Amino acid sequence: MKQRIEWLAVLRGLNILLVVMVHVQLVDMSTGQNHAFCNALSFPFHPIRMPLFIFISGGLLYLSRIRKDISTKALYKDKFQRIMIPFVFFVVVYYLIKCVFNQFAKTPIELSWTNFLESFVYYRGHSSQSLWFLAVLMFLMLLYPLFRYLCDNKYRMICFLLFCSGIFFIDTDLESRWNVFYILEVQHYLVYFFFGIFFFRFELYKYLTSIPALCILILLYAACYYFSLGLLTSIIGICMMCSLCLKIGTYLPNLFSSFREYIFQIYLMSLPFQNFVELILWKHFFYNEQLLLLFYAINLMSGLFIPVMISKLVERCPYKYLRLCFGLQ
């Protein structure tokens, strides 16, 4: 149990690092596009970062709730507080940030009451675009009674995993007005979420602890990535990351300990600080190709550690509902 928690903590830290890395944007003035250096570091992990985030959420649901037979009512109450309260709070915060910095934004929005209210329901083209994950995650949590039922029988679980894999390939129009709360995206992430439950239910990590297993997964991932095999690329990538962190957790159990306990808060808060570094500091004040590596590090560190510092301050606040707004107890 101890080893499993250690490697899982390392995995969570690595995952949020990949998420923040992909949001590092530093414009190359000669092209007007994100610098090739930033893309080169993040692109190999595109098939992994959000599927892994969802996978970990499913795995933690099994470990902390399903396995302990927590009631549906208790689960719904907990997830409403931990997901929906931060969601509503940060929709407002992100809109206010857009109001102040809209002139600097790469994708300015229409500042109106209609746009503000739509931000709670539709995300593409709105200030709340980066918060789609919370809406999708809440939909997945609402399926908790189904997951509890499925976990009682391995054949049910296998059949449902195959079903999730099948609906993944159904094409949906994410721009549709029917896509309220990003519900049409749930089918694309259900397979990763349930794979997380399946993975920990049957302790599949036990088969990924050896060096040969890690090497094979790296080769398979490289092949799947090269041939753009979509879902298979992401599943192999998830297993590869699990295998890697199983090894790392043995020798460096405290890796990423400076921020891995606040991955939810980093996800919620990192983007505005990273955008400030890119759009204000880099683009308007300090643009210099010789400073690229320095500003890459500044962008990355601001996305990781400013949210951690804010979270630590909020944790000291005596007002429970303010802490809940940040996803803290």
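Me: How many salt bridges does this predicted model hold, and what makes a pair count as one?

Reply: The count comes to five salt bridges. The rule asks for a side-chain nitrogen of Lys or Arg within 4 Å of a carboxyl oxygen of Asp or Glu. The general idea is simple. Side chains of opposite charge can pair when their charged atoms come close.

Me: Why are Asp69 and Arg148 called a salt bridge?

Reply: Their side chains meet at 2.5 Å, N to O. The cut-off is 4 Å, so the pair qualifies. Asp69 lies in the loop between α3 (49–66) and α4, and Arg148 lies in helix α7 (residues 144–150). The pair therefore ties together parts that are 79 residues apart in sequence.

Me: What makes Asp69 exposed or buried, and where does Arg148 fall?

Reply: Asp69 has a relative accessible area of 53%. Exposed means over 50%, so Asp69 is exposed. Arg148 has 25%. That lies between the 20% and 50% limits, so Arg148 is partly exposed.

Me: How do you know that Lys206 and Glu203 form a salt bridge?

Reply: Their side chains meet at 2.6 Å, N to O. Lys206 is exposed at 51%. Glu203 is partly exposed at 28%.

Me: Why does the pair Glu261 and Arg260 still count?

Reply: The closest N and O atoms of Glu261 and Arg260 are 3.9 Å apart. The limit is 4 Å, so the pair counts. Glu261 is exposed, at 51% relative accessibility. Arg260 is buried, at 9%. Elsewhere, salt bridges that share partners join Arg65, Asp78 and Lys79 into one network.

Me: What makes Lys79 count as buried?

Reply: Its relative accessibility is 13%. Buried means under 20%, so Lys79 qualifies. Lys79 is found in helix α4 (residues 72–101). Leaving out residues up to four places away in sequence, Lys79 touches Arg65, Met84, Met138 and Met141.

Me: How do you know that the length of helix α10 agrees with its number of residues?

Reply: Helix α10 (residues 211–226) has 16 residues. At 1.5 Å a residue, they should span 22 Å. The end C-alpha atoms are 23 Å apart, which agrees.

Me: Which residues of α10 are buried, and how do you know where they sit around the axis?

Reply: Ala213, Leu214, Leu217, Tyr221 and Cys224 are buried in α10. They cover an arc of only 95° around the axis, so they lie on the same side of α10. An α-helix has 3.6 residues a turn, so residues three or four places apart point the same way.

Me: What do the buried residues of α10 pack against, and which exposed residues does the face turned away carry?

Reply: The buried residues of α10 pack against α11 (231–251). The face turned away from them carries the exposed residues Pro212, Ile216, Leu219 and Tyr226.

Me: What makes the phi of Ser228 worth a look?

Reply: Most residues other than glycine have a negative phi. Ser228 is not glycine, and its phi is positive, near 55°. Ser228 follows α10 and is found in the loop between α10 and α11. Its relative accessibility is 62%, over the 50% limit, so Ser228 counts as exposed.

Me: What is the phi of Phe256, and why is this residue called buried or exposed?

Reply: Phe256 has a positive phi of about 70°, although it is not a glycine. Phe256 sits in the loop between α11 and α12 (263–285). Its relative accessibility is 17%, under the 20% limit, so Phe256 counts as buried.

Me: Why is Ser127 called buried, and which residues does Ser127 touch?

Reply: Ser127 has a relative accessible area of 6%. That is under 20%, so Ser127 is buried. Ser127 lies in the loop between α5 (113–118) and α6 (132–141). Not counting residues up to four places away in sequence, Ser127 touches Tyr94, Tyr95, Lys98, Ile109 and Ser119. Ser127 and Ile109 are 18 residues apart along the chain, and their C-alpha atoms are separated by 7.1 Å.

Definitions and conventions:
Residues are numbered from 1 along each chain as its sequence is written. This is a predicted model: local features need pLDDT of at least 70, side-chain atom pairs count only at pLDDT 80 or more; totals for chains, interfaces and linings use all residues. Side-chain values use heavy atoms; hydrogens and water are left out. Helices (H or I, at least four residues) and strands (E, at least two) are DSSP runs, numbered from the N terminus. Buried means under 20% relative accessible area, exposed over 50%, partly exposed in between (1.4 Å probe, protein chains only). Contact means heavy atoms within 4.5 Å. The expected span of a helix is 1.5 Å times one less than its number of residues. The arc is that of the directions from the helix axis to the C-beta atoms.
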